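Dear colleague,

Please find below the structure that I am handing over to you, together with its sequence. My findings follow it.

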Amino acid sequence: MNPSCNLFIVGPTGAGKTSIGRRLAAHYGLPFVDLDQEIERHCGASVSTVFELEGEAGFRRRESTLLEECSVRQGVVLATGAGAVLDPANRRLLMERGYVLWLQATVEQQLDRLARDRSRPLLAGEDRRAKLEAMALARTSIYQEIADLIIPGEYELIHEASEHSIALIDAHWQRQHAA
């Protein structure tokens, strides 16, 4: 949605949603909300533990509930989990309540960035490449559908990606100030 007072960040696992989101929030003087961290805070347990105890369906229910709560705020930068866009109701909330940025990342970039990360339940087990490719196949068209602005994942360093993102956002986002 343009104009909007909110920036919502979507994209695949390892795209930099949290790292870049924090920098965008600081740049624009807005509070930063990471949806996965909100889930952990509300549950008192890690995302991995929620997946283990409740399965993906239970996690997605919690994610949708907290997205509803967090997206209604005025004047925030919100980083979603990579799969939050799978639910049509979540997509509608994102499109109606904020300016949606899609941070892109190739499967190669994801593999490189997540090489040592063992905290992501959907990447547990063997053949991470196949899992990431399947997620990209299922989600890329959804990211495309809801994105107000696409941020190419061509920068490897967070500060470069953040500066590039800010330049693109400044050229396209019609920022409204929170009421």
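Strands, like helices, are DSSP runs numbered from the N terminus, a strand being an E run of at least two residues. In these terms, Asn6 belongs to the segment before β1 (7-10). Please note that the model is a predicted one.

I begin with Asn6 and its surroundings. Asn6 has a relative accessible area of 0%, and it counts as buried because that value falls under 20%. Its side chain makes polar contacts with two backbone atoms. One polar atom of the Asn6 side chain lies 3.0 Å from the backbone oxygen of Arg73, and the backbone nitrogen of Val76 is reached by the Asn6 side chain at 2.9 Å. Leaving aside residues up to four places away in sequence, Asn6 touches Ser71, Arg73, Gln74, Gly75 and Val76, as well as Arg97, Gly98, Tyr99 and Trp173.

Two or more lining residues come from each of the elements α1 (17-28), α2 (35-43), α3 (47-71) and α6 (128-146). Which element gives the most to the lining? That element is α3, with 6 residues. By residue class, the lining of the largest pocket consists of 11 nonpolar, 12 polar and 10 charged residues.

With kind regards

Technical notes. Residues numbered from 1 in each chain as written. Predicted model: local features only at pLDDT ≥ 70, side-chain atom pairs only at ≥ 80, totals over all residues. Heavy atoms only, no water. Helix = DSSP H or I, 4+ residues; strand = E, 2+ residues; numbered from the N terminus. Nonpolar A, V, L, I, M, F, W, Y, C, P; charged D, E, K, R; others polar. Buried < 20%, exposed > 50% of the residue type's maximum accessible area, 1.4 Å probe, protein only. Polar contact = N/O pair within 3.5 Å; in protein donor to acceptor, adjacent residues only side chain to side chain. Contact = heavy atoms within 4.5 Å.
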